[in-house]
Amino acid sequence: MDYRDWIAPENYNLTMEIERHDPEKLALVYLDESGHEEQITYGELTKQMNKLAALLNQLGLVKGDRVLVMIPRRIISYVIYLACMKLGLAVIPSSQMLRAKDLSYRIRHAEAKAVIAWPEGIEEVEQIEEELPSLQYRLTLDNNGHQDSWLNLVKLMDEQQELSTVPLPTHRDDMAILAYTSGTTGNPKGVIHRHGWGYAHLRITSSWLDIKESDFVWATAAPGWQKWIWSPFLSVLGRGATGFVYDGTFKPKRYLELIQKYRIQVMCCTPTEYRLMAKTSGIEHYDLSSLRTAVSAGEPLNQEVIQTFHKYFGIAIRDGYGQTESTLLIGNLTDTKLKIGSMGKAISPGLVEVVNEKGKVAAPGEVGDIAVHISMPALFESYYKAPERKAAAIHGEYFITGDRAYKDEEGYFWFEGRGDDIIISSGYTIGPFEVEEALMKHEAVKECAAVASPDETRGHVVKAFIVLKDGVQASDELVRELQDHVKHCTAPYKYPRRIEFIEDLPKTSSGKIRRIELREQEKRRAESAAKEA
């Protein structure tokens, strides 16, 4: 497909993709851990979207305002995202696992005008000590006895009439999403995605996800992550399929049971979820014959996992690669031959390449940077309030992703590793700076460095190398204390699962920590352990 076909009409809003579907068609099926089930049609979803859009508009929110949304896997999360986009508000997707410090930064940096939080998230917002001058509205689904500053959305929506006037149309270049991504140093970066990004995303991912209108789709990502925008939200609803929303703890056997029971046809999981399902005792006894398509993204998937699913269920799990700053860039697409272990091919010839340090396309077999041509319609607009950061990552005609790979003679990409210090664990993207900053707040820590440590189940886990202050003794008890401390300071998924106490950190002559030495050390440790096993 010509990439120019991915450019949205000039006046375009993401919700147009949802409103065109049959109103009687089932849009979402929700199931919680206790077995409670709910359903909603496209017609009712559109009606709820319009009611909430009218309410937000009457409160005073207008096109261009930023709204931080922190809601779990629920049908209402879809309604909230759609209503915000309908009005031209920019959604700041935020995980429930974020803490007061994380939320404070996002609200202040984005100058968010409103927060929409699940009741359990109210406490973290209330613990923010800094002034939040931009924040005018605090909205929740149940104020649960909290002060009147939190408005009850459910109650207000019950009293609200459906949107009667069409809002001002959004331009394809208007901001729809402001997603925060981890960085190696400093605070998270705000990635701006326009409404036109969504138009391109739907067309680019069609040959990877392969979702058809008749499909029942289970994409397991949770709201608060760009991957949720990618698959459970936009790719499912944009295609007019039916999405399965399971709000329960990940348990391999339970996932296999649900695929079997609900006859899931399209599955999108993290590599960790696939790995643990593949190791389930008696996996061959499950009936997954309904699966037509299975995809994985976030980090490379082990070959043995792909082979296990193919052996027992005849399904090939197809890897895909993308970033918060874009969409699917490389993948094992439906119309290409599968090379197990490969990342797949570029979404379109020439739009994604491997380039050398001069910004020139590398020769086959030559390791270089994975790079996206700046003309790609789904490449992000800019980093919020920091356009120079995108400019600094552009070499020649390409945006440098920070990941390393080589391309073979047939055009297949083969992943080599990250070119920076970002840690990807179980599909979560973690900046070492965030972990280190939390650890440095503990009175026992003198210096520290966080790196990715290879892990059979999670791909990688966070490992912290810590230099203790004079007089402090290392112990197992201190390890647990430091882990709990990080969980309290920042999102729990960022805590270091491994901690090693050392005398000194490796540094450059200018005093910068050489994390690459620590990463290589962990890589050698894992390789040695594998040989001994």
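Start by selecting E381, which is partly exposed at 40% relative accessibility. Bear in mind as you click around that this is a predicted model. Is R194 buried or exposed? R194 is buried, with a relative accessible area of 16%, which puts it under the 20% cut-off.

Next, pick D247 and R74. Their side chains make a salt bridge too, at 2.2 Å from N to O. Colour by secondary structure and you'll find D247 in strand β11 (residues 242-247) and R74 in the loop between β3 (66-70) and α3 (75-87); the pair therefore ties together parts that are 173 residues apart in sequence.

Now go to E17 and look for its partner. Which residue forms a salt bridge with E17? That would be R203, with the closest N and O atoms 3.5 Å apart. Here, helix α1 (residues 16-19) supplies E17 and helix α7 (residues 195-204) supplies R203, so to speak: the pair links distant parts of the chain, 186 residues apart. E17 is buried, with 4% relative accessible area, whereas R203 is partly exposed at 23%.

One more charged stop: select D210, K212, D215 and R292 together. These four are linked in a network of salt bridges.

Time for the rings. How many aromatic pairs does a search of the whole structure find? The search turns up 24 aromatic pairs. Zoom in on F250 and Y255, an edge-to-face pair with 4.6 Å centre to centre and 90° between the planes. F250 is partly exposed at 23% relative accessibility, but Y255 is buried at 3%.

For a contrasting geometry, jump to Y428 and Y493. The ring centres of Y428 and Y493 are 4.5 Å apart and their planes meet at 25°, so this pair is stacked. Y428 is in strand β24 (residues 428-430) and Y493 is in the loop between α15 and β27 (498-501), so the pair ties together parts that are 65 residues apart in sequence. Check the surface again: Y428 is partly exposed, with a relative accessible area of 27%, while Y493 is buried at 14%.

Select E443, E477, E481 and D484, which form a negative surface patch. Which helix holds E477? Look at α15 (residues 476-489), where E477 has its place. E477 is exposed, with a relative accessible area of 55%, so it clears the 50% cut-off for that label. While you have α15 on screen, recall that the loop between α15 and β27 carries Y493, the partner of Y428 in the stacked pair.

How values were computed
Residues numbered from 1 in each chain as written. Predicted model: local features only at pLDDT ≥ 70, side-chain atom pairs only at ≥ 80, totals over all residues. Heavy atoms only, no water. Patch = residues over 30% accessible without salt bridge, like charges linked within 9 Å, V, L, I, M, F, W, Y side chains within 5 Å. Areas by Shrake-Rupley, 256 points an atom, 1.4 Å probe, with all protein chains shown as cover. Lys, Arg positive; Asp, Glu negative; His and termini not counted. Charge placed at Lys NZ, Arg CZ, Asp CG, Glu CD. Helix = DSSP H or I, 4+ residues; strand = E, 2+ residues; numbered from the N terminus. Buried < 20%, exposed > 50% of the residue type's maximum accessible area, 1.4 Å probe, protein only. Phe/Tyr/Trp six-rings, centres within 6.5 Å; stacked < 30°, edge-to-face > 60°.
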